[in-house]
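Let me put the structure up before I start talking.

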Amino acid sequence: MVKAIKNTPQKIRIIGGSLKRMQLPVADVPGLRPTPDRVRETLFNWIQHLWQGQYADKAVLDLFAGTGALGFEAASRGVSHVQMVEPHPKALQNLRAIRDKFNLSQVRIHSHDALLVLNRMDASRFDLVMLDPPFQSDLLEQVKPFLPNITKPNGLVYIESDKPQALPAPFELIRESKAGMVFFHLFEYVE
């Protein structure tokens, strides 16, 4: 007799801030890949040091929100504005449910393609732009030309990818690491 294996939904754990240790559900969407806890912890340790713990006046763009792991981590730590972009209906519904459950009024969620949002973006500029597009896509290369227009002076750009990344001047690589098959980088926009 073959036993059916119960498919338990995947969850992400918030590492720090007001939602610390909260388990957030991950939508069952093919190819959705949450940023691992270890990577998020390292990233936000870097940011904590650079921002000297001052999150309250910061604006963050999570351009490929997916599970919301990065954007909700930033919201949990007290940033004043998080803008998430996610086109997949099931993932979008999950992001909105999490936002509403935890009353995260500083989180705005856009149901559009990342490139469409970038093309329509007005003068919005962010202290932190987080880019974790689907691996094996050319989305990252398509987004890179927009970065000078959406990043504040001395703002940060986080890139997560399946291969090492570079940005042209005036962006400077300030930190990078690798966890398993994931490369992650933090750049500063130096004007």
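I'll go through the overall fold, then the inside of the protein.

Quick housekeeping: this is a predicted model, where local features need pLDDT of at least 70, side-chain atom pairs count only at pLDDT 80 or more, and totals for chains, interfaces and linings use all residues. Residues are numbered from 1 along each chain as its sequence is written, and side-chain values use heavy atoms, with hydrogens and water left out.

So, the fold: we've got six helices and nine strands, taken as DSSP runs numbered from the N terminus (helices are H or I, at least four residues; strands are E, at least two). Buried residues, meaning under 20% relative accessible area with a 1.4 Å probe and protein chains only, make up 50% of the 191 residues.

Now, which residues touch the most other members of the largest nonpolar core? They're I47, F72, L128 and Y158, in a core of 36 residues. By core I mean buried Ala, Val, Leu, Ile, Met, Phe, Trp, Tyr and Cys residues joined through side-chain atoms within 4.5 Å. Helix α1 (37-51) is among the elements supplying at least two residues, and α1 gives the most, six.

Leaving aside neighbours within four places in sequence, L128 is in contact (heavy atoms within 4.5 Å) with residues including I47, W51, L156 and Y158.

There's also a second, separate core of 25 residues, and A114, V117, F146 and I159 are among them. In soluble globular proteins, nonpolar side chains do tend to be buried together.
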